[in-house]
Amino acid sequence: MKRSARDIILLISMLAIAAGWYALSRDTSANAVGAIVWIDGFRSARLSLEQADEFTFERGGDINVVRIENGTARIVSANCPGGDCTRQRAISRAGELIVCVPHKLMITLESVPAFDTVAR
Ligand SMILES: [Zn+2]
């Protein structure tokens, strides 16, 4: 599969989002309450970290299985080449992230409840 310019642009925009996310959530002392799943640079889902569960993200044959457990998120299985994302450690604090580069999928954590914007 040839790596098109579009792929590279998507990757760069994902990294830009990651960098922006990191800058916005430098206060990493807070335990995260929600995990955001980004696919192709778009916010695809928000998972609560407060309830143990397992979610499968499938897009065009690309599969990533995300497990929420004890307030942490990790990728437990994926069919990407190399499977690097499945070896990244579980994340639990705001600002941490897991990236699956071949699938252009990224998980970031936030410490703000989805429906609550009270300042900390
Ligand atoms: Zn992966």
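The protein chain here has one helix and seven strands. Keep in mind that you're looking at a predicted model.

**The chain overall**
- Out of 120 residues in the protein chain, 24% count as buried.
- Take the contacts with a separation of 6 or more: 44% of them in the protein chain come from residues 24 or more positions apart.

**The three-stranded sheet**
- Three strands make up an open sheet, lined up as S3-S4-S5 with antiparallel pairing.
- At the edges you'll find strand S3 (53–59) and strand S5 (72–78), and each of these pairs on one side only.
- Going from one strand to the next, the twist averages 25°.
- Strand S4 covers residues 62–69, and its antiparallel pairing with S5 runs over six bridges.

**The nonpolar core**
- The largest nonpolar core holds 21 residues, and the ones touching the most other members are Ala35, Val37, Ala73 and Ile107.

**A closer look at Val37**
- Val37 is one of the core residues that touch the most other members.
- If you skip the neighbours within four places in sequence, Val37 is in contact with Ser44, Ala45, Leu47, Phe57, Val66, Leu105 and Ile107.
- One of those contacts, Ile107, is also on the list of core residues touching the most other members.

Key. Residues numbered from 1 in each chain as written. Predicted model: local features only at pLDDT ≥ 70, side-chain atom pairs only at ≥ 80, totals over all residues. Pairing = 2+ DSSP bridges. Helix = DSSP H or I, 4+ residues; strand = E, 2+ residues; numbered from the N terminus. Axes fitted to C-alpha atoms, helices over the stretch in contact; angles between N-to-C directions. Core = buried A, V, L, I, M, F, W, Y, C linked by C-beta atoms within 7 Å. Buried ≥ 20, exposed ≤ 12 C-beta atoms within 10 Å, placed from the backbone. Contact = placed C-beta atoms within 7 Å.
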